[in-house]
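The sequence and the model are shown first, and the description follows.

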Amino acid sequence: MDTVATPVIRLAGVRDLDRIMALETEAFPRGWSATSWTQEIRDHYVAIVDEGVGVIAMSEVAGTAELLRVIVSSGARGHGLGRALVSHGLEWASCFKATEVFLEVSHTNQIAIRLYESLGFTLLDRRVSYYGPGDDALVYRRVIPSADPVIPSTDPVILTQSGSPAPDVQTNFTTATQTVEGFPAPGVHNPITKERS
Ligand SMILES: CC(C)(COP(=O)(O)OP(=O)(O)OC[C@H]1O[C@@H](n2cnc3c(N)ncnc32)[C@H](O)[C@@H]1OP(=O)(O)O)[C@@H](O)C(=O)NCCC(=O)NCCS
């Protein structure tokens with residue numbers, strides 16, 4: 001697989017909504033609305049790579065994280081950005097002491113399934129026709145042992161709000177979630193939304 005220059009991943013804000021919606025509508029024409037994404041940005045963790053070429057949404061409640069969405073623009077796929085985003089999401093979850101990460105994916109989405117399995121997600125359950133007749137949801141789980149921190153495979157650069165490199169990942173996540181427009185850190189009062197693709 002070709003790889004591009006080191007991906008730059010940063011926390012998303014509502015100012016990124018147009019770029020995120022462009023990704024969403026391209027990947028999922030009947031997917032999440034702008035209102036749903038605004039809620040994700042405010043209540044959960046949303047990060048973008050390379051100023052909107054891709055996006056990931058994660059949530060965390062009481063040590064259990066969920067990968068809610070990952071999208072890379074169709075023209076940028078196959079260059080490692082999806083892997084960088086999911087690795088980043090796992091690292092984010094481990095920084096909040098999450099011990100496991102769940103996700104749901106359509107059984108027809110073989111590319112995403114390959115990506116998730118290659119990053120250690122294992123199949124937990126199959127919900128028959130969950131997305132509609134003949135479209136099953138696969139539930140995957142990734143354990144995060146506390147003694148085995150997640151190391152991003154593509155070493156993404158993570159920026160603080162000022163645009164300078166974060167001194168360390170933990171500080172960046174804490175700083176970012178506490179300072180962006182006064183929104184709370186994830187997991188404080190944020191029920192996991194179950195709106196799926
Ligand atoms: C799933 C998605 C995010 C992957 O992004 P990406 O940037 O293309 O992924 P990467 O280049 O990092 O590839 C990661 C892995 O995905 C799999 N993959 C990527 N492209 C693939 C292809 N064309 N065929 C088969 N597997 C593929 C491979 O396992 C790959 O690892 P490898 O290159 O070491 O074999 C992207 O395809 C996407 O946005 N799809 C639409 C939205 C979606 O379905 N999201 C998931 C559900 S929310």
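## Surroundings of the ligand

In this predicted model, 21 residues lie around the ligand, and those that come nearest are Arg 77, Gly 82, Arg 83, Arg 114 and Leu 115.

The largest share belongs to H4, which supplies 5 residues of the shell. By residue class, the shell around the ligand consists of 10 nonpolar, 7 polar and 4 charged residues.

## Overall architecture

The protein contains 5 helices and 8 strands. Along the sequence, these elements follow the pattern β-α-α-β-β-β-α-β-α-β-β-β-α.

Of the 197 residues of the protein, 34% count as buried. Among contacts between residues at least 6 apart in sequence, 64% join residues that are at least 24 apart.

## The nonpolar core

The largest nonpolar core comprises 39 residues. Within this core, the residues with the most contacts are Ala 12, Ala 47, Val 55, Ile 56, Met 58 and Leu 85.

Apart from its neighbours within four places in sequence, Ala 47 is in contact with Ile 9, Arg 10, Leu 11, Ala 12, Ile 56 and His 88. Two of these partners, Ala 12 and Ile 56, are themselves listed among the residues with the most contacts inside the core.

Strand S7 (residues 135–143) runs antiparallel to strand S5 (residues 100–106), and 7 bridges join the two. In this pairing, Leu 103 stands opposite Tyr 140 in S7.

Strand S6 (residues 122–132) also runs antiparallel to S7, and the two are joined by 6 bridges. Here Asp 125 stands opposite Val 139 of S7. S6 and S7 form a hairpin with 2 residues between the strands, and in this hairpin Gly 134 takes a positive phi near 80°.

## Positive phi angles outside glycine

Glu 51 has a phi near 55°, a positive value in a residue other than glycine. This residue lies in the loop between strand S2 (45–49) and strand S3 (54–61). Glu 51 counts as exposed because it has 9 C-beta neighbours inside 10 Å, and the cut-off for an exposed residue is 12 or fewer.

Ala 62 likewise is not a glycine, yet its phi is positive, at about 50°. Ala 62 is found in the loop between S3 and S4. With 8 C-beta neighbours inside 10 Å, Ala 62 therefore counts as exposed.

## Confidence of the model

The average pLDDT of the protein is 81, and 72% of the residues score at least 70. Over residues 153–157 the pLDDT is below 50, and this stretch has 17 contacts in the model beyond near neighbours in sequence. Residues 159–197 also have a pLDDT below 50; beyond near neighbours in sequence, this stretch has 53 contacts in the model.

Notes:
Residues are numbered from 1 along each chain as its sequence is written. This is a predicted model: local features need pLDDT of at least 70, side-chain atom pairs count only at pLDDT 80 or more; totals for chains, interfaces and linings use all residues. A residue is near a molecule or strand if its C-beta atom, placed from the backbone, lies within 6 Å of it. Helices (H or I, at least four residues) and strands (E, at least two) are DSSP runs, numbered from the N terminus. Ala, Val, Leu, Ile, Met, Phe, Trp, Tyr, Cys and Pro count as nonpolar, Asp, Glu, Lys and Arg as charged, and the others, Gly among them, as polar. Two strands pair if DSSP finds at least two bridges between them. pLDDT is the predictor's confidence in each residue, from 0 to 100. Two residues are in contact if their C-beta atoms, placed from the backbone, lie within 7 Å. A nonpolar core is a set of buried Ala, Val, Leu, Ile, Met, Phe, Trp, Tyr and Cys residues joined through C-beta atoms within 7 Å. A residue is buried if 20 or more other C-beta atoms lie within 10 Å of its own, exposed if 12 or fewer, and partly exposed in between; C-beta atoms are placed from the backbone.
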